[in-house]
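Q: I am new to this structure and would like to learn how to read it. Could we take it feature by feature?

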Amino acid sequence: MAVIAAWENQGCKSRALSCIMKEIFSHVSTYNIDLHLKYVPSCLNEADAPSRLTNTADSMLSEESWLLVESLYGPHSVDLMSLDSNVMKSSTGVPLKHFTPWPTPCSAGVNLFSQNLRSEQNPYVYPPFVLVFPVLSLLREQGISCTIIVPEMRPLPIWWPILKYYSVESGADIIIDWQAINDRTADLDERMTSSSDYKRKNSLFETFLCFLEKSPKKPSLATCGPNDVRNFLVWKDKFGKTTVHDINCQYLGLKGMFECSCPNRLASATVEGLINQLVNLFDDKGLGRTWCDVERKGNPAVSPVIKEYLKLVQVEQAKAHILPKQAKPIFLTKIRSISAFISRELQKDGSKLKEKFVLYRDQAWFKLQYFAGDRASDLSIVVAQEVKFLKDGSGFVFQHTFGKTLRGFILHPSVRTKALNVNKCNLPNYAIFVVPD
Ligand SMILES: [Zn+2]
């Protein structure tokens, strides 16, 4: 009403309104327009009602919902789709950086789909419902994680599986069964500490700590140096059983205990093993696998002093004609001879049941070893569950997945599966011994 009056009266009391009127007048006269204003009450104005409806493009979360979203997944730094009027605010009340559909005074960029979002920190987006799919595609394409607000529609929209596929459980939703975790970790600890490997390592560790304790300078594990380690190795020598004979000793090159004054020491291979154990021990305690002589820091067991010590021990024992002990390899021909020998023994009359048991057991063992070709120690841990008889009873198949050479990974079953024909090998006693209890 005021505008119509101002226009018709060619001005009004309000200076601001008069200025606007002047601008409208110059516009109208420039383009030769005849402008007439008429007042239409709201109830008669057809354009009035739609203009007062809430536009879904302008929708935003209620303050309460936004606080919840912020507390669960926030803080967010950017609102990917909004207008200046409905941008979300940070906890300090400052509007977030936001992308708009058209240029606006506070916009950080026009059109979300032309933006590179990879540098954004924890974005938030509440897209118009028709744009959910394109927004999800954009996020997937750029590979960024984002908080997205979508309606739960029925029937399920086409983008729902994509959303489910990429969504991650929030901290608020996961259920943690601490009792189960504690039980499992306790079980693992128990298994670890009861392994022979762990006990051996631990006993060496304790002996070494004890040795340090009794050393004159009483160094700790972190402050001990290469010389402490070497002293320890020298002290360990007194438990050795290898006599290092003098070059003039009459027993030079002979094995066994003799009445000479030559010293007993650890065999050089044992010293090497001991050093390796110490290296691992220091490494386990966080000292790494390198030694810096200048800073006197790191793993003293890998220092040049220790390497030199090992070399000297090896040279000394080589000069004393000490041959390193090695496991005797058993070749297939030997197994065959042993089996033939046991067969002959079994055919003899008059042997006791106890003796026969041992012979049958060994016969089964060597024959299985012969035909399977597995490591002997691995065969000893085959369990009954891993052995299956063929239906016609002509043989059996076994498959094992754990052993010295298999530890830690599983080979394809066919690699480890051997079908042994009982009749063909003439092994009537197999069934008794290969399948224990
Ligand atoms: Zn001697």
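A: We can begin with a pair of helices. This is a predicted model, and in it the axes of α9 and α11 come within 8 Å and cross at roughly 25 degrees.

Q: How are α9 and α11 oriented to each other, parallel or antiparallel?
A: The crossing angle decides this. Angles under 35 degrees count as roughly parallel. α9 and α11 are therefore roughly parallel to each other.

Q: Which residues of α9 and α11 meet?
A: From α9 come P226, N227, V229, R230 and L233, and they meet V305, I306 and Y309 of α11. Sorted by class, the residues of this contact of α9 with α11 are 6 nonpolar, 1 polar and 1 charged.

Q: At what angle do the axes of α10 and α11 cross?
A: Helix α10 covers residues 268–287 and helix α11 covers residues 304–319; their axes come within 9 Å and cross at roughly 165 degrees. Angles over 145 degrees count as roughly antiparallel. α10 and α11 are therefore roughly antiparallel to each other. The crossing of α10 past α11 is left-handed.

Q: Which residues make the contact of α10 with α11?
A: On the α10 side they are S268, V271, E272 and I275, and on the α11 side I306, L310, V313, Q314 and Q317. The contact of α10 with α11 has 5 nonpolar, 3 polar and 1 charged residues. I306 of α11 takes part here, and I306 also meets α9.

Q: How do I read a sheet, and in what order do the strands lie here?
A: Strands of a sheet pair through backbone hydrogen bonds, either parallel or antiparallel. In this model, 5 strands form an open sheet with parallel pairing, in the order β3-β2-β1-β4-β5.

Q: Which strands stand at the edges?
A: β3 (109–110) and β5 (147–148) do. Each has a single partner strand, so one side of each is left without a neighbour in the sheet.

Q: How many bridges join β1 to β2, and which residues face each other?
A: Strand β1 (residues 78–79) and strand β2 (residues 97–100) run parallel and are joined by 2 bridges. V78 is opposite K97 of β2, and D79 has H98 of β2 as its bridge partner. On β3, the pairing with β2 is also parallel, over 2 bridges. There, T100 has V110 of β3 as its bridge partner.

Q: What should I look for in the loops?
A: Backbone angles are one thing to check. R154 and P155 are joined by a cis peptide bond, with omega about -5 degrees. P155 lies in the loop between β5 and α6 (160–166). N32 has a positive phi, near 55 degrees, and is a residue other than glycine. The loop that holds N32 runs between α2 (15–30) and α3 (48–52).

Q: Where is the pLDDT below 50?
A: Where pLDDT is low, the predicted coordinates should not be read in detail. The average for the chain is 81, and 86% of the residues score at least 70. The pLDDT is below 50 over residues 408–419, a stretch with 14 contacts in the model beyond near neighbours in sequence. Over residues 421–437 the pLDDT also stays under 50, and the model has 26 contacts there beyond four places in sequence.

How values were computed. Residues are numbered from 1 along each chain as its sequence is written. This is a predicted model: local features need pLDDT of at least 70, side-chain atom pairs count only at pLDDT 80 or more; totals for chains, interfaces and linings use all residues. Axes are lines fitted to C-alpha atoms, for helices over the stretch in contact, and angles run from 0 to 180 degrees between N-to-C directions. Helices (H or I, at least four residues) and strands (E, at least two) are DSSP runs, numbered from the N terminus. Angles under 35 degrees count as roughly parallel, over 145 as roughly antiparallel, 65 to 115 as roughly perpendicular and the rest as oblique. A crossing is left-handed if the near helix is turned anticlockwise from the far one by less than a right angle, and right-handed if clockwise. Two residues are in contact if their C-beta atoms, placed from the backbone, lie within 7 Å. Ala, Val, Leu, Ile, Met, Phe, Trp, Tyr, Cys and Pro count as nonpolar, Asp, Glu, Lys and Arg as charged, and the others, Gly among them, as polar. pLDDT is the predictor's confidence in each residue, from 0 to 100. Two strands pair if DSSP finds at least two bridges between them.
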